[in-house]
Amino acid sequence: MSKKKAITLLSIISLFMVAVLFFTFIRFSVGEVKEYKSALGAIELDYDIEGGTAYTYTLNKDNEEEVEDINEVINTLEYRLEALGYSAYSVKAIKSSDEDVLDYDIRIEAKDSGTLSADMNVVMAYGEVEFYGGSSANPTEQILEDVEVVKSAEYLGTYVDQNNDVKHQVAIYFTDEGYDALIEKINSESSYYLEVRLGETTILPGTSTIKESTFVDKTLGIVSPSEAGAKQMVLQITSGGLNYQYELVDAVELNSVFGTKVATKIAIAIACIIVILMVGLILAYKGFGIVSAICTLFFIVANVWLFVAVPGIVVSLGGIFGILLATMLCAYALILTCNRVKEEYAHSEKTVKAAINKGFRKSFIPVLNMHVVAGVVAVLLLIFASGTLYSFATTLGIGVAVSFICTTVFTRMFTALILPLAKNKEKFLNMKKEVA
């Protein structure tokens, strides 16, 4: 590449990078009432970084049973929170200071997502799914008490009915035992009514007859008029009923468990790590260090924009560790590539350009292997993990993809652009011959 062309392309890329960096990190006013918060400020943060709302519940006085195992209650509530998509949260059992009070209060802390209040009603919902059946409408005879009825349930989303009303669909998957027992009852009557109740709430009114053909592959479809009702139904089927009634005492806003301005402190810490890494690369590898530093900057900026652009990403402290691990992976891949190029030049008679090409080819497989391993780990965690590990897997997966592109594409591109500007390429790249 000619020197003039290299300068032109570097100038264009530099202007583009300045603009991107400005919109990534700088806040500014837009008109009189609006404010651009920067891409960094637009990243959605979870409860453990940004804070949220704390809900305190006490055992309802009308509760018929004493709480025998508070840990079982905590486990059920945690399952429901994760099923609703909360990755960072806190569920605690709080013992009253009054010695006469034997039961625990429940305190739940989570990010205020806009639907948190409604979600808490779903999480704390009381009761189990019960089935009633008979030959007349609105049956009162409870059935299927002695069999394992339901295997699982799934929220299928919404649809608009003929009256233009939005309905929410839930699929209930029956066990073989439960399905066979129910079909036997249905077929024993000329007409059969089935009613499904969720605690004190009727979720399938027994006003219409039900037949064997109503089921599709042992699955029963149920329609709910509200999203909260549909989610509550699924959660109580999959998590088991909450056998104790709780009532809300208060709801208060709170800061992160790690103190105030945690996000700012984390951003400053990550920025310091990146700067130290970039300076270290430049001091150790000179010209290649400059290329690696630019690629590192590309890496972190691309991650910021992807965290904003990809729907559903909420960064928790686990996500911060994922970012740091991906950064270390990118740095190691850059160092490996630099060393392979230097070794290829030092132990051969190749020219600088030939050594660079051969060094990049020799480093590709090791770089690919380490990224594949990290990518597989991220994918497996995305499939099987939940909570803060899910946030870790999300940021790690994105970071791995960006790191691979930076270390295999951008390093070669910037090396090709910067090299024509160096008068002494060997000295600029800190490369020496060691051939006898």
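This is a predicted model: local features need pLDDT of at least 70, side-chain atom pairs count only at pLDDT 80 or more; totals for chains, interfaces and linings use all residues.
**Close-up views of cysteines and a helix pair**

The sulfur of Cys338 lies 9.1 Å from the closest cysteine sulfur, that of Cys295, which is too far for a bond.

View 1. Cys338 is buried, and its relative accessible area is 4%.

**View 2. Cys330 and Cys406.** The structure holds zero disulfides. Cys330 is accordingly in no disulfide, and its nearest cysteine sulfur, in Cys406, is 5.4 Å away. With a relative accessible area of 1%, Cys330 is buried; the term applies under 20%.

**View 3. Crossing of helices α4 and α7.** Helix α4 spans residues 70–83 and helix α7 spans residues 227–239. Their axes come within 10 Å and cross at roughly 135°. Angles over 145 degrees count as roughly antiparallel and those from 65 to 115 as roughly perpendicular, so α4 and α7 are oblique to each other. The crossing of the two helices is right-handed.

**View 4. Residues in the contact of α4 with α7.** On the α4 side, the contact involves Thr76, Tyr79, Arg80 and Ala83. These residues meet Leu235, Gln236, Thr238 and Ser239 of α7. By class, the contact has three nonpolar, four polar and one charged residues. Tyr, Ala and Leu count as nonpolar, and Arg as charged.

Technical notes. Residues are numbered from 1 along each chain as its sequence is written. Side-chain values use heavy atoms; hydrogens and water are left out. A disulfide is a pair of cysteine sulfur atoms within 2.5 Å. Buried means under 20% relative accessible area, exposed over 50%, partly exposed in between (1.4 Å probe, protein chains only). Axes are lines fitted to C-alpha atoms, for helices over the stretch in contact, and angles run from 0 to 180 degrees between N-to-C directions. Helices (H or I, at least four residues) and strands (E, at least two) are DSSP runs, numbered from the N terminus. Angles under 35 degrees count as roughly parallel, over 145 as roughly antiparallel, 65 to 115 as roughly perpendicular and the rest as oblique. A crossing is left-handed if the near helix is turned anticlockwise from the far one by less than a right angle, and right-handed if clockwise. Contact means heavy atoms within 4.5 Å.
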